[in-house]
Amino acid sequence: MFDSKIRPLIDPVLNAQGQVIARAGISANQVTLLGLALGLLSAVMITCGLFALALLPLLLSRLADGLDGAVARASEPSDFGGYLDITCDFLFYGAVPLAFVLADPAQNAVAGAFLLMTFYVNGTSFLGYAVLAEKHKMKSDARGVKTLYFTGGLLEGAETIGFFVLLCLLPQWFAPMAWVFGTLCLVTAGSRVLLALRVFHRG
C-alpha cells in the first residue's frame, strides 16, 4: 500500500549508493545474497529468543534488498538477478514467521502455520499476476524498476517489514498479530485475483 509512495523518496538515495557499490566491484547478486544471509541470521536470533537484537540484521537485510536493484541498474541488470532477488525475498519472508514458531511452538505454532499459508497464497497471486502481465507486455515502474511486474495491494513490502519489526518488539503478541496480518494477506490476495479477473478475463 505504501511502497509506491515511499519509492520516490528512497530511490535517489539508493541509486546513489548503488553506483558507489558498483564502482567498488561488488555485484548486485552479491548484495542480494548478503541480504539473505543477514535475514537468515535475524531468523536464527529470533529462534534463540533474541528478539530485539534480531532487529539490526533484519533491517540491514532489507537495506541490502533495496540496494541490490540500485547496484544492478548502475552496472548490468540481468533477468537472473531479478529471479534470485525474489527467491531470496520469499525465503526471508518465510524464515521469520518460522523462527517465531520455533521460539515458542506451544503459543505460536497454529498462528504461524496460518500466517505462512497466507504468505503462500499471497505470493502465488503476486507471481501469477506477474506472469500474465509479462504475457500481455504490461509495464509499471510505480514501485521502482523491477524485473517482474509488481502489483499493488493492501499489504506490500513496507507493511511486511513494519509487521516484522513489531513482532520483534512485541514477541508475546505474535499469535494475535499473525492472525490479523494473515487475514489481511488473504484480503490482498483476493483483491489481486479480482484485479486479474478484470484485466485478463478476455485475454
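**View 1. Nonpolar surface patch with its main contribution from helix α5.** Helix α5 (residues 105-135) supplies the largest share of the nonpolar patch, 3 residues. The model is predicted: local features need pLDDT of at least 70 and side-chain atom pairs pLDDT 80 or more, while totals for chains, interfaces and linings use all residues. Residues are numbered from 1 along each chain as its sequence is written, and side-chain values use heavy atoms, without hydrogens and water. The patch covers about 370 Å² and is made by M117, Y120, V121 and L186. Patches take residues with over 30% relative accessible area and no salt bridge; nonpolar side chains (Val, Leu, Ile, Met, Phe, Trp, Tyr) are joined within 5 Å, like charges within 9 Å. Areas come from the Shrake-Rupley method with a 1.4 Å probe, and for residues only the protein chains shown count as cover. V121 is located in helix α5 and counts as partly exposed because its relative accessibility is 30%. Buried means under 20% relative accessible area, exposed over 50%, and partly exposed in between (1.4 Å probe, protein chains only). Helices are DSSP runs (H or I, at least four residues), numbered from the N terminus.

**View 2. Salt-bridge network of R62, D65 and D89.** The whole structure contains 2 salt bridges, each defined by a side-chain nitrogen of Lys or Arg within 4 Å of a carboxyl oxygen of Asp or Glu. One joins R62 and D65 at 3.4 Å, N to O. These two residues are 3 residues apart in helix α3 (residues 55-74), so about one helical turn separates them. D65 is partly exposed, at 21% relative accessibility. R62 also meets D89, at 3.3 Å, N to O. Because R62 belongs to helix α3 and D89 to helix α4, this pair ties together parts 27 residues apart in sequence. Both R62 and D89 are buried, with R62 at 13% relative accessibility.

**View 3. Aromatic pair Y93 and F164.** There are 12 aromatic pairs in the structure. Rings of Phe, Tyr and Trp (its six-membered ring) pair if their centres lie within 6.5 Å; planes under 30 degrees apart are stacked, over 60 edge-to-face, and the rest tilted. Y93 and F164 form a tilted pair, 6.1 Å centre to centre with 55° between the planes. Y93 lies in helix α4 (residues 79-103) and F164 in helix α6 (residues 157-169), 71 residues apart. Both Y93 and F164 are buried.

**View 4. R62 over the rings of F92 and Y93.** The charged end of R62 lies over the F92 ring, 4.0 Å from its centre, and over the Y93 ring, 5.8 Å from its centre. The criterion is NZ of Lys or CZ of Arg within 6 Å of the ring centre and within 35 degrees of the ring normal. F92 and Y93 belong to one aromatic cluster with F119, F163, F164 and F181.
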